[in-house]
Amino acid sequence: MGTPPGLQSDFEVLLSSFQETDSIHFEDFTELWRSMKFGSIFCGKMRNLEKNTFTKEALALAWQYFLPPYTFQIRVGTLYLLYGLYNNQLCQPKQKIRVALKDWDEVLKFQQDLINAQHFDAAYIFRKLRLDKAFHYTAMPKLLSYRMKKSQRTEVTEEFKDPTDRVMKLTTSDVVEEMLNVHDHYQNMKNTISADKSNPDKALNLIKDDFFDTIKNTVLEHQEWHKDRKNPSFNSKDKDGEEKKEGKSQETERCERAESLAKIKSKAFSVVAQASKSRRHRQVKLDSSDSDSASGQGQTKETRKRRNKETSKPKGRKLSSRGNLQNIHKEEKSLRLSMPVITEENESFSETEFMAPKKKRKHRTKSLV
Amino acid sequence: MADGVRAGPTYCGLGDRQDSASSTDGCSFPEYELPELNTRTFYVGAFGDLWRGRLRTVGDLSLSDPPAPRLPGCGGVADLGREDAAVARDLGCSLETAAELRAVCGLDKLKCLEEGEDPEVIPENTDLVTLGVRKRFLEHREETITIDRACRQETFAYEMESHAMGKKPENPADMIKEGELILSINILYPVIFHKHKEHKPYQTMLVLGSQKLTELRDSICCVSDLQIGGEFSNTPDQAPEHISKDLYKSAFFYFEGTFYNDKRYPECRDLSRTIIEWSESHDRGYGKFQTAKMEDFTFNDLHIKLGFPYLYCHQGDCEHVIIITDIRLVHHDDCLDRTLYPLLIKKHWLWTRKCFVCKIYTAR
């Protein structure tokens, strides 16, 4: 069957609203579940075979959100989601959740984390699923039948992921402990070979003695900054705060933006509106080559794109196009004004941007009328 | 369960025994070789051991019926108390918390349909995209007055999938043991390239890990086995004595560089001899092939890749591609009768045709 249409967006709506509640309690999840009437996702005159395949696909899709690199809260939400899907399904006997051997250790670690952090409702639910024998213990998550055709890869939603923290990966507690040991050992070595047994020779002062403390403080500062960065951004998702972009997160955000922009542009420019009969001589043609080709017919998309690039180049900043760009929007800096471009016909797309409410942004009109 | 060391394909037999505790044992831990396509070679028996080792303690492997869900009101207070004590012990919380959890996480909290609401009907004010799509589809059918009934193919497919589910054997000795592995194998029909351009039809069988390769071989039903060879123009109405299945009994499986030949009967020949001689005659770039007897090996003894095409050859030249798609532990809801395995759960069927000779029965 492939992934049923709309299922992924439903899951993501549920999980992102759960993420916004900032809680990991089952009660909050059930409120969302009931308000969305999620249990009715199995309704609608499906016969037995279709029910089976749909349920299998739904459980497999939900399972993907249960494993790293998703955040802890998303994983707890997925656990609740799996519980809900498993118990509300209409198949008899029930379709099971497939767990691969390579993922089982992650799952057990997750369960231990839940118990240690005393999130009893999540741990209870996992225990209940296990007791109800809701799992199939398999070799690989999907059935493999050597299908050579390219299947679509579900992309990991950026907002659900923990940003990769290279600093924390590098300075784990083991590494820190080892560094301390090595440092002590080194100091002792210096002491034993120098004349005065308690103080090392002046000539051997090649490193800062307190470098270890400096590292510790720096790492702690970084953690604090990380935490502070995360929390305000949660609450002001809809406000256009002026956020300071520092360090490597700026890079990731720029890459995210660039990707989303590229995606939106390609989406926008791949659809051509059909001109009416009276204007068919001015029909916009979709040109497959990129922006540098000089195009013939009147106002084609290529010229528009080129004009975009020319206006934006001097600023060195990318224009954000229309569409829902919540995560891009919150990162925008205040100086992104550009000259309004007045084009032929009645096109009035001004590219002036306002920092304040999103709603005031003018939509670019695309069609030729 | 067979040990790691065996005559014939010996990959890292010793390593399996020593590293059974570590989770990154290269030879028994299935992981992707080509992402989403097939895995690396792993040893089936050791894979089973890894899972069983992880699950033994909690009763996940048991095949007995789980306790029936308790109806509210029934079951004494003592039962609930016992349950709460178990919860408190497992989670490390107090008894009151356990009782609270039972109330908070109950299934009634997830109920979205009221009593009496038909699960067939899509609720009106729903935001779910999936339901929107489904509703549009149903409405389109209503508008165009298309009647949506299960066709024969759909009924057949569903029946094949579920006819054996949950079956218990009459003889308790035929019950599958806990922790048994179930492999699901796709056996493609011999490919006719101009006919099978879009997709290649196949049948799917479930086999147990402890079953021998010969049992799978016997259960594969191929039309080339039913052929009748010979000259019958003088006696056209005489019932034929032999079908090809009885006359030509040789067959082999090819898994990971080893040909497993069927040698149960004296007339079985080694069909793989030709291939091995061909590959050894010049430097063809293939490794050394090995041979073994099919009847000596069970599926637990094999080293295989999941999702990788292998071969089954019988009748001298009838070749079927075999792909092992999945291996999992047996579950309480599966068919638990050993005698029914290898179990056919999917068979390709499009149309039946009437035999053009007798005009009475359908052609097989």
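**Helix packing and the A–B interface**

In this predicted model, helix 1 of chain A passes helix 2 of chain A in a right-handed crossing, where right-handed means the near helix is turned clockwise from the far one by less than a right angle, and left-handed means anticlockwise. Local features need pLDDT of at least 70, side-chain atom pairs count only at pLDDT 80 or more, and totals for chains, interfaces and linings use all residues. Side-chain values use heavy atoms, without hydrogens and water.

**The helix pair in chain A**
- Helix 1 of chain A brings Asp10(A), Val13(A), Leu14(A), Ser17(A), Phe18(A) and Thr21(A) to meet Phe29(A), Leu32(A), Trp33(A) and Met36(A) of helix 2 (contact: heavy atoms within 4.5 Å).

**Where chain B meets chain A**
- In contact are 76 residues of chain B and 65 residues of chain A.
- Together the chains bury about 6,400 Å², 63% of it on carbon and sulfur atoms (accessible area lost on being put together, 1.4 Å probe, summed over both).
- Between chain B and chain A there are 5 salt bridges (a Lys or Arg side-chain nitrogen within 4 Å of an Asp or Glu carboxyl oxygen).
- Glu36(B) and Lys142(A) join their side chains in a salt bridge, at 2.6 Å from N to O.

Note on methods. Residues numbered from 1 in each chain as written. Chains lettered and ligands numbered in written order. Helix = DSSP H or I, 4+ residues; strand = E, 2+ residues; numbered from the N terminus. Buried area = accessible area lost by both parts, 1.4 Å probe.
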